[in-house]
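Please load the coordinates and follow along section by section.

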Amino acid sequence: MYRQEKIKPYSKDGSKKEQVEQMFDHIAPAYDRLNHLLSLGIDKGWRKKAIATLRPYQPKTMMDVATGTGDFALLAAKELKPHQLIGTDISEGMIAVGKEKIQKAGMEGTISFACEDCCHLSFEDNIFDAITVAFGVRNFADLDQGLREMHRVLRPSGRLVILELTAPDHFPMKQLFTIYSSVIIPTLGKLLSKDNKAYHYLPQTIQAFPQGEVMKGILQKAGFSDVNFKRLTFGICTLYTANK
């Protein structure tokens, strides 16, 4: 078990999956506003960089895992124009917000949503050209199992793209990020989401999540090849790419 899998939003008792689902249901209405505010809008640029890595592959069928309110799914559909994109998430609350967003954008013909546990996907083997995960893998209850499931449903030569927040390891960004994640994120999160614990939990998972070469090894162990990673914005975010 990896360190971030032991961290739960509300209590040591009960499953991480159930608590993460409850947390995202609770913060769903404020989630988009907080995301863009806490990242100072830089998250939009990270998403565009991730999507650009998929452009040469021209994926026709895609799945966005831990899709949340569908921000990444919407941008990917507009930029890559797949025939079908399915956004999956365990939180019905987040999906409800996403459905409104997709309807407003007139993208219902391309994007659909499904309530799914990433560790036990209901899809058949070898059906997606590309799978994306933006800021969600650190919330997996079982990282190895979640990665194996994504590998299973990807077509041979299919592409996996992961964006994840990471803790910088060089001065002064390391020290600045520690202050930002331990003081500013919880304070603003509590004020805007009315959830006292969610935005303490989320920074803890960033610090605990396997990074860089360690994460590369975990992806390889799950069956992926040609695994690469690139640190973005002084190491605050890391972009991982891999093939089946």
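This is a predicted model: local features need pLDDT of at least 70, side-chain atom pairs count only at pLDDT 80 or more; totals for chains, interfaces and linings use all residues.

## Starting at strand E7

The pairing of E5 with E7 is antiparallel and extends over 7 bridges. E7 also runs antiparallel to E6, to which 6 bridges join it. Here Arg-231 has Thr-238 of E7 as its bridge partner. Between E6 and E7 lie 4 residues, and the two strands form a hairpin. Within that turn, Thr-233 has a positive phi of about 50°.

How many residues of strand E7 (residues 237–243) are buried? The count is 7 of the 7, so the rest of the structure largely encloses this strand. In general, side chains in a regular strand alternate between the two faces of the sheet. For E7, both faces are covered: Cys-237, Leu-239, Thr-241 and Asn-243 are buried on one side, and Thr-238, Tyr-240 and Ala-242 are buried on the other.

## The sheet as a whole

Stepping back, E7 belongs to an open sheet of 7 strands, ordered E3-E2-E1-E4-E5-E7-E6 with mixed pairing. Which strands stand at the edges? They are E3 (111–115) and E6 (225–232); each has a single partner strand, so one side of each lacks a neighbour in the sheet. On average, neighbouring strands are turned by 15° against each other, direction ignored.

Elsewhere in the sheet, strand E1 (residues 61–65) pairs with strand E2 (residues 84–89) in the parallel sense, over 5 bridges.

Helix H5 (residues 92–105) lies across E2 and E3, and runs at about 170° to E3. H6 packs on the sheet too, where it touches E1, strand E4 (128–134) and strand E5 (154–165). The direction of H6 makes about 145° with that of E5.

## H6 meets H9

H6 also has a helical partner. Two packed helices are described by the angle between their axes and the distance between the axes. For helix H6 (residues 143–153) and helix H9 (residues 212–221), the angle is about 55° and the axes are 9 Å apart. That angle makes H6 oblique to H9, and the crossing is right-handed.

At this contact, H6 contributes Leu-143, Asp-144 and Leu-147, which meet Met-215, Ile-218, Leu-219 and Lys-221 of H9. Sorted by class, the contact has 5 nonpolar residues, 2 charged residues and no polar ones.

## An enclosed helix and a buried lysine

Helix H4 (residues 71–80) has 8 of its 10 residues buried, so it is largely enclosed by the rest of the structure. Among them are Phe-72, Leu-74, Leu-75 and Leu-80, and Asp-71 is buried as well. Just after H4 comes Lys-81, with a positive phi of about 50°.

Is Lys-16 buried or exposed? Lys-16, which sits in helix H2 (residues 16–38), has a relative accessible area of 4%, so it counts as buried. Leaving aside residues up to four places away in sequence, Lys-16 touches Gln-4, Glu-5, Ile-7, Lys-8, Arg-138, Asn-139, Phe-140, Ala-141 and Tyr-201. As a distance to check in the viewer, the C-alpha atoms of Lys-16 and Ile-95 are separated by 19 Å, with the two residues 79 apart along the chain.

Note on methods:
Residues are numbered from 1 along each chain as its sequence is written. Side-chain values use heavy atoms; hydrogens and water are left out. Axes are lines fitted to C-alpha atoms, for helices over the stretch in contact, and angles run from 0 to 180 degrees between N-to-C directions. Angles under 35 degrees count as roughly parallel, over 145 as roughly antiparallel, 65 to 115 as roughly perpendicular and the rest as oblique. A crossing is left-handed if the near helix is turned anticlockwise from the far one by less than a right angle, and right-handed if clockwise. Contact means heavy atoms within 4.5 Å. Ala, Val, Leu, Ile, Met, Phe, Trp, Tyr, Cys and Pro count as nonpolar, Asp, Glu, Lys and Arg as charged, and the others, Gly among them, as polar. Two strands pair if DSSP finds at least two bridges between them. Buried means under 20% relative accessible area, exposed over 50%, partly exposed in between (1.4 Å probe, protein chains only).
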